[in-house]
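Dear colleague,

Please find below the structure that I am handing over to you, with its sequence. My notes on what was found follow.

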Amino acid sequence: MIQRLAILWVLLDGSVLAVEFTQADRDWWAFQPVRQAAVPDAGGDWAINEIDHFIARRLAAQELSPATAADRRTLIRRVCLDLTGLPPAPEQIAEFLDDDSPDAYERLVDRLLDSPRYGEGQATFWLDLVRYADSDGYKSDHYRPEAWRYRDYVIRSFNTDKPYDRFVSEQLAGDEIDPGNRDALIATMFLRHWIYEYNQRDVETQWNDILADVTNVTGDVFLGMGLQCARCHDHKFDPILQRDYYRMKAFFAPLLPRDSMPVGTVPQRTEFFRQHKAWAAATGDIRKQLHAIEQLALLKNTTGEGFNKFIDKIKAMIRKRPQDRTAYERQIAELSERQFGVEPEKLPERLKGATREEWEQLRAELKTFEEQKPKPLPQVKFVVSDAGPVAPATRIPKKGDVVEPGFLSILDPGSARITPPRAALQSTGRRTALAQWITRPDNPLTSRVMVNRLWQQHFGRGLAANVSDFGKLGELPTHPELLDWLAARFVANDWSLKKMHRLMVTSATYRQAAANEQSERIDPANTWFARTAIQRLSAEQVRDGLLALSGELDLKSGGEGVVADKSNRRAIYRKVMRNNPDEVMHTFDMPDHISHMPQRNVTTTATQSLLLLNSEWTRKRAAALAKRLAKRHPGNAEAQITDAHELAFGQAPLPSQLNDALAFLDACGAANKPSGLAALTEYCHVLMNANAFLYVD
Amino acid sequence: MMNFEEQVTNDIFSRRELLLRGGAGFGALALSGLLARDNALAKAARPSFLQPHFAPRAKRVIFLFMEGGPSHIDLFDPKPLLNKLAGQRMPESFKRPITAMGETESPLLASPRTWKRHGQSGTWVSDWLPHTAGCVDDLAVIRSCWTNGINHSGGVCQMNTGQPLAGRPSLGSWVNYGLGTENENLPAFVVMTDTKSTPTNGPRNWSAGFMPAAYQGIRLNPGEEPFRHLNIPKGVTPQTHRRKLELLRRLNEQHRATREHQSELEARIRSYELAYRMQATAPEAVDLSRESEATKRLYGFGNQDTEPFGRCCLLARRMVERGVRFVQIYHGAGSKWDSHSKMEENHSRQCRQSDLPTAGLLKDLKSRGLLEETLVIWGGEFGRTPMSEKGDGRDHNPTGFTMWMAGGGVRGGQVIGATDELGLWATENRLHVHDLHATVLHLLGIHNLDLIYHYKGRPENPTINEGEAYTKITSG
């Protein structure tokens, strides 16, 4: 028999709406509280930390033994790439090999976590999740000159180990929770990464799509729940109601994109608000008259896409004075106003006769109040706020029901409790309520989703394999107790990401070799983690790795994005233009940054081989490496070959490889004039195509 | 829920299958990103790739994309009422759409064309397309197409991917994913443009969206290097190149010796062998010197108006002959069919460039027996309004426009659907882009809702859970 939990809503018209979830829905693992499981005693001498005991218990149950520990050279290459995205330099390798203290590896990990390269390496996966880009997408794909500040914010947050709950809250509601903190405002660019079409005359549809996109990405990134199915109907597989979709969307209903957002603490904003109100009251009549005169003239001569292409309904919204607009009218009018410009500087020539005189008189009058006007606060662009303290209604399409903000009913059927922030912020407080709910220590999704993402990074697949879908279409977690234990530890450690990384990469599980004949035979998918999965380098790692080994990598941090082909800075600092993806990055499966990407595709294609073999870009790297080697070891081919191997693979060449290399240099040298450097370039080019470079194990 | 044993078995199966499949995409040899995601629903969905769901009528597609929006009411869909009411506002009885340029109330613009019925079927075609008119008995002219995107970007995106918002795979990518290629040494999905201009949205139009990049369209460039990075770099002799590949093979074999269960490593080794074979194959595939003068004339070679598009069309024929699955050619790349003003001048030019090569392609395919299994599609992202813009142009019309299909099982000589008396809204047998895509897939033997790709745990299909194939297109 199926037990049912009925959820009742009393609608505004007094009718009662009942929704039922089955017992199976309520029992779904992802909705259960995180259990603080006891650490099993299963790992024996092999175990280094708690993770290993959980892993060892499942290995025993599957009659599998862990792989031997990876050798030090393999381990340092793996951990450097995992934590910083860069291969180890020969000097780093030597330092680690020479360190025979028992905690040499732990100290290596600490050095990597302290390095600025850590945040740069980690930012990649986050930017994939939030579909970060420096352009609008669509036809013109306009550049977004401010977006890079968000990328730097992410890198900074990772490098300073900002607690994850704070990191999440700033992105959802930085403008409400810390309005005087520029960084917290920049964080809200999370809510600006949607694709945008500057000349879309169907403004209301576009705005609706934007809010849906923001709702979807919030569910994907923080909750690991695909909400978008419920936009049109109750979710077919998961207990997510269409009503829930709109309850979640309602948190964003008052959203307003801002390109002149004041930065000010609550007291500063309050003082500004007070002064502004007084000035506005004193000048109300004057400004009203001015508006009537000016607007007529301004809208007659608009630049850009112009005013006349809009339908009447939108024209009416634009004509309204800003203070007379409802929140929704403000959203639509301001979005529409982005399509055209007005020319207030030309008013003196456009106004004639008596109107002109009246206008000038009014302007002069207004000027006398100038001193009462508050001094403007510093501003930040490309962020969000609310459109005002009153949110537009959120309706379920076709049904028309108005819904209040609320969470997934299966977890919390009531309406969200919302505390309006101070009046000076002119905000609803809705997004703060959402951020507080998402970051509650007992939210069963947030901490599980995040530690599972980190696990995927280090171990190749998540403990729950579908890292952004903890619903029924995803797979069950392979190690549910471990997942819960990690989630609880994450919260107990004040949501520290660095501590979680450290825990994972210092485990014996992580330190295993890739080879384990038994595991490869019985468990080819490596479900039980009895070895390390071989992984192809990501697009960023291929690019940065080639530049690092050629000695050309420019490690300058931060700032506006660069054009990938024209700069040797790390891939994270290149401009992400949605319609013009960089060739190397795109070929190696960098996602389009139009929608959320939780796990990159990893393809093996001839296109990649052709690019590495024949492109000018790779050839240049090979030439630079050859020059570097010739300089480091003039005239000594053996030393050049040994160094090249270490740079590219982190390993010394085998004797047979050394012989092959010497024979190759001889043969190429004889065939090509001038011999030396040209032959060495060809040799370096071969290494850059080798699996020992392209894969990490 | 699947138990773990089953899951592991599935994994082994899918890994092996992926490797065996080999030719999916441009020499895609391993797509390990698919592995984790395909499992959960793999059982529920029917085997979704590399075999049609039912017997196909078409094996290949050539999509002639008239980019910018050709005017259906000046080409295929005559409207006597339009000329009668020219200069007046549209009668109130016509529902007002939201248009790109807001021209809803502008005076109606007459079509000065001469219209005639052609062929045995008597299909109407205007004097702007005399050569296409000669092929009407092979065409199914669909007068009732409609779409949602009101701007070029959204419109072109939707005609390619099914929705105006970016992010989904292109139709060609879906076909590539579903059917693979018949020639491993050439891409399964090839894209050409008639000019150097980039089509609206750029490469995003033929991207694989959320699917692996191996399914994306590959641009074919006329000239010495048909596919990017195909040629050995200048300064490297073929001998050195071979020597490098040999050294690389040795390095990779040594690397693999201690990692024998890692199929990706083997796939990577094969990808270099495949690259080498492509270097040998592709130049022949694009070598037009083997074509006769008569054939070249058929495509409009020797005339600077018709040759650029004609060259693309001839290359398209060579591609489908060699097993390429999906060819898309942009005519007027960069919205050149867009005619907000000077309709007459614009469309005269666009038609002059494209009409003869289009007809040439149809005739050539037919005479070689290729048309039967090759579906040819003609159309743009939308049509144009009966209302005027800037006096002598027309605004975008997504609510009703014309496309045609030929070959690949389509019964020629028919007209499908209708627009209202002014050509503004599709009224009879309305076919949304999803329906058009479903129809294309149907002809290829694929049921649109059964071609599944799992993304973020969601079973995605090419027509976003909508779309119904117009199956009568084969019988009329």
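In the hairpin of E10(B) and E11(B), which residue takes a positive phi? The residue is Lys390(B), with a phi near 50°, in a hairpin that has three residues between its strands.

Before going further, I should set out the conventions. This is a predicted model, in which local features need pLDDT of at least 70 and side-chain atom pairs count only at pLDDT 80 or more, while totals for chains, interfaces and linings use all residues. Residues are numbered from 1 along each chain as its sequence is written, and chains are lettered from A and ligands numbered from 1 in the order in which they are written.

Confidence in chain A

The pLDDT (the predictor's confidence in each residue, from 0 to 100) averages 93 over chain A, and 96% of the residues score at least 70. Residues 1-6 of chain A have a pLDDT below 50, and beyond near neighbours in sequence this stretch has eleven contacts in the model. A contact here means that the C-beta atoms of two residues, placed from the backbone, lie within 7 Å. The pLDDT is also under 50 over residues 8-14 of chain A, where the model has nine contacts beyond four places in sequence. Where pLDDT is low, the predicted coordinates should not be read in detail.

Chain B and its hairpin

Chain B has twelve helices and 18 strands; helices (H or I, at least four residues) and strands (E, at least two) are DSSP runs, numbered from the N terminus. Of its 476 residues, 58% count as buried. A residue is buried if 20 or more other C-beta atoms lie within 10 Å of its own, exposed if 12 or fewer, and partly exposed in between, with C-beta atoms placed from the backbone. Among the contacts in chain B with a separation of 6 or more, 77% are between residues 24 or more positions apart.

One bridge partner pair is Glu389(B) with Gly393(B) in E11(B). Strand E11 (residues 393-397) of chain B is largely enclosed by the rest of the structure, because five of its five residues are buried.

The contact between the chains

The contact takes 79 residues from chain A and 75 residues from chain B. On the side of chain A that touches chain B, the elements giving two or more residues are helix H10 (203-223), strand E12 (603-605), helix H24 (606-614), helix H27 (655-671), helix H28 (675-689) and helix H29 (691-694) of chain A. H24(A) provides the largest share, eight residues. By residue type, this side of chain A divides into 30 nonpolar, 29 polar and 20 charged. For this count, Ala, Val, Leu, Ile, Met, Phe, Trp, Tyr, Cys and Pro are nonpolar, Asp, Glu, Lys and Arg are charged, and the others, Gly among them, are polar.

Lys244(B) lies in helix H7 (residues 238-257) of chain B. Leaving aside neighbours within four places in sequence, Lys244(B) is in contact with Glu682(A), His685(A) and Val686(A). Why does Lys244(B) count as buried? Lys244(B) is buried because 21 other C-beta atoms lie within 10 Å.

The 21 residues of H10(A) should span 30 Å at 1.5 Å a residue, and the end C-alpha atoms are 29 Å apart, which agrees; the expected span of a helix is 1.5 Å times one less than its number of residues. With 15 of its 21 residues buried, H10(A) is largely enclosed by the rest of the structure. Gly224(A), with a positive phi near 60°, follows H10(A).

Helix H7 (residues 148-159) of chain A has twelve residues and reaches 17 Å from its first C-alpha to its last, close to the 16 Å expected. Ten of the twelve residues of H7(A) are buried, including Trp148(A), Tyr153(A) and Phe158(A). The buried residues of H7(A) pack against helix H6 (116-129), helix H8 (164-177), helix H9 (182-187) and helix H20 (497-505) of chain A. Just after H7(A), Asp161(A) has a positive phi of about 55°.

Yours sincerely

How values were computed:
Two strands pair if DSSP finds at least two bridges between them.
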